[in-house]
Amino acid sequence: RAGSMSAFTGAGISVESGIPDFRSPGGLWSKYNPGVYCEYSNFCRSPHLFWQMGRELALEVHLANQGGMHLRDGLKEAEPNGAHRALVELQEMGKLNTVITQNIDSLHQRAGSHHVIEIHGTMATARCMETGKQVPQSEILRQWVAAREGKPDSTLRPDIATDMWVPKHPDTGGVLKPDVTMFGEALPAGAFGSSWWSVLSSPVCLVVGTGLNVFPANLVPGMVRWRFGTLIVLNKDSSGASSADIF
C-alpha cells in the first residue's frame, strides 16, 4: 500500500557474504579500537594502523571466499547475497526508490541496485593525501603484492601486524587514504542531504542489518516520521527494535 520505500542498510546485510560486522562479539571492533585505527587525525599521523586493519579484513574476506594464503592470483572478493538481491528485486518491482548504505563494500551496486547512496564512502577508490589524485582499489592490491615479493605465504598474516606498510600514489608518492569516512571526518559531500531527501520522499523506510548506533548516519531512517511514515527494522537480533514501528 505504501507505493515506494527507501532502504537503509548496515554491516549486518553483508555478513553472509563473508564480511564480518563491527560491533557483534568477535566483530572487527573487538580487536581494533575504531577510535585508534579508524580516526582521521590518527590516520594522518600513523596511516599504517588503518592499513593493518584494512588488510586483515581483506584477508578474512578472501579466506571466507575460498582464497589461499597468497596474493599472487588476487584477492577473492565478497559476493552479493540474497539480501542484496532482494533489494534489487524491490527496485525492479518499483517498490524501492533508493538504497542508503553505511557499508563501504559496493555489494549493492554489484548486485544490481541503482541509486545507491554510500553515506560513509567506499573502499573502491583511494586518494593521495597531498594532491587528491584518485586510484582504484586494484592499485593498492598491486602495491601489497609487490611488497610481498619473495616472502613465504606463511608470513602473510604475521607481516600484516608488524610491517607498517602504507600504499603510496604511484605518481605523487603521497600516502593513499581510502575514500571512506573516518571518525572525525564529515560525511561525503551531498550524501547526507541526499539520504535525508530520499527518506522524506518515501512513506516507508526499511532498515536492514544495522542497530542504528553510528551518529550522525543513524538519524537518517528516523526522518521518515517527519512525514508520519513507517520505520521497519529487519535485524537478526533485537538491535534497533526500540526505534522501529515494525520489527
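Trainee: Which residues does S113 touch, not counting those up to four places away in sequence?

Mentor: Contact here means heavy atoms within 4.5 Å, and on that reading S113 touches L87, V88, Q91, V99 and H108. This is a predicted model, in which local features need pLDDT of at least 70 and side-chain atom pairs count only at pLDDT 80 or more, whereas totals for chains, interfaces and linings use all residues. Residues are numbered from 1 along each chain as its sequence is written, and side-chain values use heavy atoms, with hydrogens and water left out.

Trainee: Is S113 buried or exposed, and where does S113 lie?

Mentor: Buried means under 20% relative accessible area, exposed over 50%, and partly exposed in between, with a 1.4 Å probe and protein chains only. S113 has 8% relative accessibility, so it counts as buried. S113 lies in the loop between α5 (107–111) and β3, where helices (H or I, at least four residues) and strands (E, at least two) are DSSP runs numbered from the N terminus.

Trainee: Which residues other than glycine have a positive phi?

Mentor: Most residues other than glycine have a negative phi. Among the exceptions here is S106, with a positive phi of about 65°, which lies in the loop between β2 and α5 and is buried, with a relative accessible area of 17%. Another is H115, whose phi is near 50°; H115 lies in the loop between α5 and β3 and is partly exposed, with a relative accessible area of 48%.

Trainee: What is the strand order of the open sheet of five strands?

Mentor: Strands of a sheet pair through backbone hydrogen bonds, either parallel or antiparallel, and two strands are taken to pair if DSSP finds at least two bridges between them. In this open sheet the order is β3-β2-β1-β7-β8, with parallel pairing. Its edge strands, β3 (116–118) and β8 (230–234), each pair on one side only. Neighbouring strands of the sheet are turned by 20° against each other on average, direction ignored; axes are lines fitted to C-alpha atoms, for helices over the stretch in contact, and angles run from 0 to 180 degrees between N-to-C directions. Helix α4 (residues 82–92) packs on this sheet and touches β1, β2 (96–101) and β7, its direction making about 150° with that of β2. Between β1 (residues 5–9) and β7 (residues 204–208), which run parallel, there are five bridges, and T9 in this pairing stands opposite V208 in β7.

Trainee: How should I read β4, and why is β4 described as largely enclosed?

Mentor: Six of the eight residues of β4 are buried, so the rest of the structure largely encloses this strand. Four bridges join β4 to β6, the two running antiparallel, and G121 stands opposite V180 in β6. With β5 (residues 134–136), also antiparallel, β4 has three bridges, and T125 has P136 as its bridge partner. β4 and β5 form a hairpin with five residues between them, and G132 in the turn has a positive phi of about 80°.

Trainee: Which residues touch the most other members of the largest nonpolar core?

Mentor: A nonpolar core is a set of buried Ala, Val, Leu, Ile, Met, Phe, Trp, Tyr and Cys residues joined through side-chain atoms within 4.5 Å. The largest one has 29 residues, of which F50, W51 and M53 touch the most other members. The elements that give two or more residues to this core are α3 (47–64), β4 (121–128), α6 (137–147), α7 (156–162) and β6 (176–180), and α3 gives the most, with seven residues. Leaving aside neighbours within four places in sequence, W51 is in contact with F43, M123, I140, W165, V166, P167, L176 and P178. Apart from this core lies another, of 16 residues, including F8, I117, L187 and V224.
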